Amino acid sequence: MKLAIDPKVKEQGVSLAYSVIEFKNEAHNEKIWQEMLNPLLKSIESTDTLDTIKENPQIITTKKVYKLLGKDPARFRPSSDSLWRRIVQQKGLYQINALVDLNNYFSLKWKLPFGAYDLEKITEPIQLTVGQAGARYTGIGKKSVNIENLLVLADDAGPFGSPTSDSTRGMIAEETTRALLVGYQFEDETVIDQAEVRSILERYLADCRIIEQGVI
């Protein structure tokens, strides 16, 4: 996988924990919900509060990087923050498809943004960089996302993903068979356990094969 980080982003301590996979996606996988998501959601709903989120070191570090790059994290929340808040506020979690549901599980587990992208819809090389002045794209469930000064994943056709809101261009569908899963980390040390990511992907995704895995 030709994946790189812009030096001005790297110097902020940002890294990517990534996995390249081949698999058979499903509209719904009950085991993911019964064994992984439901117990985690129940735990969050019973123990966490908005103050828990505000005081979490991963959330604090993530928002600090947003501010340093010129993006207001209160207006453009990291997806991990938004997702966690949704559960704490008893709003539940949307069921999308097997890979996206696991993507949300990873984000809630490690309190970091995760993104999953269809490798038939994007091209290599891919770089994590910062959105240019006036840049926007069509977001999943949103007409337009302002990505100026926001961390973005981009290929030769332009930005397609961010730790706040991904674009429709690289979105995972039920028909997706090759995907890039990315965990956005915001401090110099590795937080995401890639061995655990591998184990969960192989256990819950049908016909899953890990093609490549690493941290950059």
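These legends accompany close-up views of a predicted model.

Local features are described where pLDDT is at least 70 and side-chain atom pairs where it is 80 or more, while totals for chains, interfaces and linings use all residues. Residues are numbered from 1 along each chain as its sequence is written, and side-chain values use heavy atoms, leaving out hydrogens and water.

**View 1**
A salt bridge here is a side-chain nitrogen of Lys or Arg within 4 Å of a carboxyl oxygen of Asp or Glu. Helices (H or I, at least four residues) and strands (E, at least two) are DSSP runs, numbered from the N terminus. Buried means under 20% relative accessible area, exposed over 50%, and partly exposed in between (1.4 Å probe, protein chains only).

**View 1. Lys109 and Glu196 link two helices****.**
The side chains of Lys109 and Glu196 form a salt bridge at 3.4 Å, N to O. Lys109 lies in helix H6 (residues 98-110) and Glu196 in helix H7 (residues 194-204), so this pair ties together parts that are 87 residues apart in sequence. Lys109 is partly exposed, at 32% relative accessible area, and Glu196 is partly exposed too, at 26%.

Arg198 is partly exposed, with a relative accessible area of 31%, as is Glu202, with 40%. A search of the whole structure finds ten salt bridges.

**View 2. An open sheet of four strands****.**
The strand order is E1-E4-E7-E8, with mixed pairing; two strands pair if DSSP finds at least two bridges between them. Strand E1 (3-5) and strand E8 (158-161) are the edges, each pairing on one side only. From one strand to the next, the twist averages 40°, with axes being lines fitted to C-alpha atoms (for helices over the stretch in contact) and angles running from 0 to 180 degrees between N-to-C directions.

**View 3. The antiparallel pair E4 and E7****.**
Four bridges join strand E4 (residues 126-130) to strand E7 (residues 151-155). Here Leu128 stands opposite Leu153 in E7.
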